[in-house]
Structure formats: C-alpha cells, structure tokens
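Here is a short briefing on one protein structure. Look through the sequence and the model, then read the points below.

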Amino acid sequence: MTYYQSTHFNRHVSINGIQVGGLNKHDVIHKLKNVHLKNDIYIGEERIFNGADTETGFSSEDLPEIEKLLNKQKTWWPSSKENHFTVLPAKADQNRIQTLRKQAETKLNSLNKKRQAPVDAAASLVNGRVIITKSKKGNQFDVEKMLDSFDKKSSHSDIHLEPVYLQPLAEDSPTVKKEMKSLQELLQRTVVYQVQNKKYPLPAKTLIRNASVTKDLKVKVDPEPLRAKIGEINRSQSTLHKNFPFRTHSGKNITVKGQSYGWTIDVDKESARLKKAFETGEKSLRAYYVYGVGYSTYGIGYHTTENNGIGYTYAEVSIEDQRIWIYKNGKMVLTTHVVTGRHDTREDTPKGLWYIMYKESPSTLEGSEAGNPNYSVKVSYWAPFTMSGCGFHDAGWRKNWAKDAYIHNGSGGCVNTPPAVMKTVYENLEQNEPVIIY
C-alpha cells in the first residue's frame, strides 16, 4: 500500500483538466501525450470559440514535473480529495496559447460592446456645489481578470472561463473621496488676472460653477464662465476701435476714433489660460494674447497707460491747420506746415488714431490717385501709418504749400512734408508711435 501510494496519483486528481487518478507518472505522460486538445473556449456553459484540435506537446521531458505533482498530492492512505493541477509542457505550442488568448480577448471585447458598462460613482461640481453621483452596476465582462484566468488554464483541452464582471467605483471609495478633496481645493483658489497695470482677483467659488475630475485626479473646469469674465474685462479695458480722449497742442479737448492704434484681448486663448491656471493652482496670470490690426498684429499701445492710452510720444496732425507737431515724452520737438489729402476728390487723409507702421529710406511709392490711376515716385523718406498707403513723406515735386492747397491740390491721402524738414521729421518718428489725425 505504501509503495502504491508513493507511485500513483490519488483517485480525484486531474492535470490540465484530464483525470489521472490511479496512474503512475509514466502512464500519466502517456495519457497526456495522446490527448488531443479541442481548443474550445467557454464562458460558463456558452462556447464562444470553436478551435481546431492540436497535440498537447507532452513528452518524457515533462516527467520531472509530473513527479513533483505526484509527491505534492501523495498521502499515506488513499484519498478522495480533489486536486486539479496545471502543467505547461516543455514543448508546449506557444503560438497556440497566444492565438487562443487573442481569440478570447477579441471575443470578450466584442461581447462587451452589446453589454451595459458600469457607471462609477463620481464627485463633480454642479452649479457651485460639490455632489456625488451614485454608481450603477453593469454586465460587461472584466476582460483583464478573465484573461488572467485564461492564462492559468491555457494548457487545458477546453478552456472554461467563469464570467467576471466589471465593478463600478462605490460612493465611499478612496478615489471618490480624493475627487471630492480636489474639487474642494479648487473652490478655495483665486487667480489674480492682470491686464496692463490693473489687477482682477478672480475667486473660484464665485466664478466657477461646474467642474469634473479626470481618472488621474485632475480637475477640469467648465470654461464658459471664464470666457464670459475675460470678455467682460476686455470690453471695459481694451482700446481697439474705441474713442480716445486727446488734448491738442492748443489745449482743446477732442475725441479721436482708434483706427489701427489700439489693442484687444484674444478672449478664447486667454480664457483657456485662465482655465488652466485654476486647474493647476496657478495664483496669478498676466494677459499675454493681445492683438491689434495693421502692420503689426500685436496690440499697439498695450504697454502704454499714460495720456488715456496714447502716451506722451506721438505725432499730431491737424487737417484744418495743415500742420503737424511731433512730441517726445510730452515735449514738442518739431512742428511744420504740411499738405494732406485732396479734399474735393475725397482723398482726404483719414482721421483717427493710427501708428507708424514702419520706416524706409529711400523708398518708391506706388499706387493711384484722382486723375492718375498709376504712379510710381521716389522719395527720400517714407513713414506710412495706414495699410492703404497713407504716410509721411517728402514731396520735392510740390510747388503749392499754401494752407488751403489740400482742398484742390492735395495729396492722394499722404501727409506731404517739405523736403527741408522731412529728414528731421523722419528721425523723430518711431515705429509703432501713435499718429493722431483730426
């Protein structure tokens, strides 16, 4: 009896799903070697894949492993205890295992498409309050866990997988508690948003109404209230195409319409930056995406706050007086008579607040004017202030410099400047400098 027990498997022992009770190790190898694997995959009682038969791959090389199992299950007396062992043969067909595993994974994922996914409990910010939505159970398979079960049974002839279902996060799970903490921290944040020299404290608790938390516990803020706030700030503070109060050389207070001069905030880009600042905990933010029109698409005048946003370095042009004044840091450095655009043909120099686009010396001016559809003329100095081609330049060909010359004998829109002073004018004009025309 002792010898038999030490050399034979107990009654209810299986290897790879094949009964080997009462057999010695050599008989076991022989039986396992001659079994044909069906390669069918089941979920419970339902077959989800019907494979072709293959060999098990067992050989005499597997005797040491079988002997280990024999010693492991050995008892002094015959035992009816069930033991189910799994052995991967030394010559196992790895391609078979990988193919079957892929089939199982593909089928499980395909079945899941028609099944209801579980819904995790989650914390979110809704209308300014942190709430927790309840979890909902589903019937989708937990593919990862079922494939782990497959790996343990991959050497079996038929692979039976018990259904394991995905479980949702519960309301009291550590993850949901962390989500709540992230949202509560969000509500305590304040971002100070600065435009020019003005600061706007923006508290999350009054500005952010809705937010969620991602799987990696990062908050995602609804950008709409932020976009609205940036838009509100922009409307109150931006200057592009707005009216500018201006005090003329004579002390008269007037209003000039912003044309190319001025700036505005890119609301979409700035609200995206503000959104990120709240999400990451950044405490302060300076406006960065500011734009304008004309030769430079960056908002000209953004860094100027003095003198109603015009500053104290500018060129002033009076059409009525046919004269310009150039100021540097509030001090007039030059004044001269000029001739502006011809009035009777509606080629008047355009009024408003512009800026010097660029400077070029010498330059060739090309364009059209009343009575001359095409012209090309060389000048020594050129400083345009509109994209349509109006600017300051010398006009050596001009004979009529009278104060009323512009009415019937004006330019095509430019400010004709006497050649004798144009060099000084040119040297005292700076790119992006405001040009006030009234």
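Is Ser-154 buried or exposed? Ser-154 counts as buried, because its relative accessibility is 7%. Buried means under 20% relative accessible area, exposed means over 50%, and partly exposed lies in between (1.4 Å probe, protein chains only).

This is a predicted model: local features need pLDDT of at least 70, side-chain atom pairs count only at pLDDT 80 or more, and totals for chains, interfaces and linings use all residues. Residues are numbered from 1 along each chain as its sequence is written, and side-chain values use heavy atoms, with hydrogens and water left out.

- Helix α5 covers residues 143-153. Helices (H or I, at least four residues) and strands (E, at least two) are DSSP runs, numbered from the N terminus.
- The buried residues of α5 are Val-143, Met-146, Leu-147 and Phe-150.
- They lie on the same side of α5, because they cover an arc of only 100° around the axis. The arc is that of the directions from the helix axis to the C-beta atoms.
- Glu-144, Lys-145 and Lys-152 are exposed on the other side of α5.
- The buried residues of α5 pack against β4 (40-43), α4 (94-112) and β10 (158-161).
- Ser-154 sits in the loop between α5 and β10.
- Leaving aside neighbours within four places in sequence, Ser-154 is in contact with Arg-96, Ile-97 and Ile-159. Contact means heavy atoms within 4.5 Å.

**Leu-226 in helix α8**

- Leu-226 belongs to helix α8 (residues 224-237).
- Leu-226 counts as buried because its relative accessibility is 0%.
- Beyond its neighbours within four places in sequence, the contacts of Leu-226 include Leu-207, Val-221 and Phe-278.
- Leu-226 and Thr-364 are 138 residues apart in sequence, and their C-alpha atoms are 49 Å apart in space.

**Lys-328 in strand β21**

- Lys-328 is part of strand β21 (residues 323-328).
- Lys-328 is buried, with a relative accessible area of 16%.
- The side chains of Lys-328 and Glu-430 make a polar contact (2.8 Å). A polar contact is a pair of N or O atoms within 3.5 Å; within protein, one must be able to donate a hydrogen and the other to accept it, and residues adjacent in sequence count only if both atoms are side-chain atoms.
- Not counting residues up to four places away in sequence, Lys-328 touches several residues, among them Tyr-312, Val-333 and Glu-433.

**Trp-77**

- Trp-77 lies in the loop between α3 (63-73) and β7 (83-85).
- Trp-77 counts as exposed, at 63% relative accessibility.
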